[in-house]
Amino acid sequence: MKSFPKPLSTKEEAELVKRCKAGDKEARDRLIEHNLRLVAHIVKKYSANVDNDDLISIGTIGLIKAIDTFDEGKGIRLATYASRCIDNELLMMLRSGRKQAREVYLYESIGSDKEGNEISLLDIIEAPDVDIISDLELKENVIRLYQMMDTLLNEREREIIRMRYGLKGREVTQRELAKQLGISRSYVSRIEKKALAKLRNELERI
């Protein structure tokens, strides 16, 4: 079983939240890392019919949203607030079926509008404010995404992002990618996180 960093003490958490709100990226990263155990715990409720790696990825997006929007002035612990955000993110994913419909292509026609124009999955995906992956999936950002990937990412990072998020067809899990590339799943995860961080930082800079 994968091990995660131990939860932070109340004092440590309060200090890191304060630094995070002041723009300290290292503090934000530590808050994410030390709450991954919470993601793994919540994911257990949903892991019966969905790949665990995908659930961890989606749950982590919920965790990041929680950290970015947490208001310590409301008198609740970060873990309590994050649990709701992680749950919401997982439920949204399960309801939309975005991870279950493995063979649906991002650009594949799924019907027509009232004027007879073809509609693809890409046309109807809605993006939460801080969901970087969903945001990049929006139609108006596709050109920017590919430009950013070509400019910021190396060849292996581009390949992993394209396959993980269905930009070359079917979405591929970290485990499947690891087998195809002949590397460990944890190494795939590290490369993916590094690539997403590059894209996220560039989006935040623009």
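I began with arginine 28, which is buried at a relative accessible area of 14%. The model is predicted, and I read every entry below with that in mind.

I asked what arginine 28 pairs with. Its side chain meets that of aspartate 68 in a salt bridge, 2.8 Å from N to O. I then placed the two partners. Arginine 28 is in helix H2 and aspartate 68 in helix H4 (residues 52-69), so I noted a link between distant parts of the chain, 40 residues apart. Aspartate 68 is partly exposed, with a relative accessible area of 30%.

Next I went along H2 itself, residues 25-33. I found Ala27, Arg28, Leu31 and Ile32 buried. Why do they fall on the same side of H2? They cover an arc of only 140° around the axis. The general rule is that an α-helix has 3.6 residues a turn, so residues three or four places apart point the same way.

I also checked the N-terminal end of H2. Aspartate 24 caps it, with a side-chain oxygen 3.0 Å from the backbone nitrogen of glutamate 26.

I looked up the salt-bridge count, and it comes to nine. I followed two that involve H9.

In one of them, the side chains of aspartate 150 and arginine 162 meet at 3.5 Å, N to O. Aspartate 150 lies in helix H8 (residues 142-152) and arginine 162 in helix H9 (residues 155-164), so the bridge ties together parts twelve residues apart in sequence. I noted aspartate 150 as partly exposed, at a relative accessible area of 46%.

In the other, arginine 164 bridges to glutamate 192, with the closest N and O atoms 2.9 Å apart. This pair links H9 to helix H11 (residues 185-205), across 28 residues.

I took one more look at arginine 164. Its charged end sits over the ring of tyrosine 165, 5.5 Å from the ring centre.

**Aromatic rings**

I searched the whole structure for aromatic pairs and found one. The rings are those of phenylalanine 70 and tyrosine 81, with centres 5.9 Å apart. Their planes stand at 45°, so I logged the pair as tilted. Phenylalanine 70 is in the loop between H4 and helix H5 (78-96), while tyrosine 81 is in H5, eleven residues apart.

Phenylalanine 70 is buried, with a relative accessible area of 4%. Tyrosine 81 is partly exposed, at 22%.

Key:
Residues are numbered from 1 along each chain as its sequence is written. This is a predicted model: local features need pLDDT of at least 70, side-chain atom pairs count only at pLDDT 80 or more; totals for chains, interfaces and linings use all residues. Side-chain values use heavy atoms; hydrogens and water are left out. Buried means under 20% relative accessible area, exposed over 50%, partly exposed in between (1.4 Å probe, protein chains only). Helices (H or I, at least four residues) and strands (E, at least two) are DSSP runs, numbered from the N terminus. The arc is that of the directions from the helix axis to the C-beta atoms. A polar contact is a pair of N or O atoms within 3.5 Å; within protein, one must be able to donate a hydrogen and the other to accept it, and residues adjacent in sequence count only if both atoms are side-chain atoms. A salt bridge is a side-chain nitrogen of Lys or Arg within 4 Å of a carboxyl oxygen of Asp or Glu. Rings of Phe, Tyr and Trp (its six-membered ring) pair if their centres lie within 6.5 Å; planes under 30 degrees apart count as stacked, over 60 as edge-to-face and the rest as tilted. A charge sits over a ring if NZ of Lys or CZ of Arg is within 6 Å of the ring centre and within 35 degrees of the ring normal.
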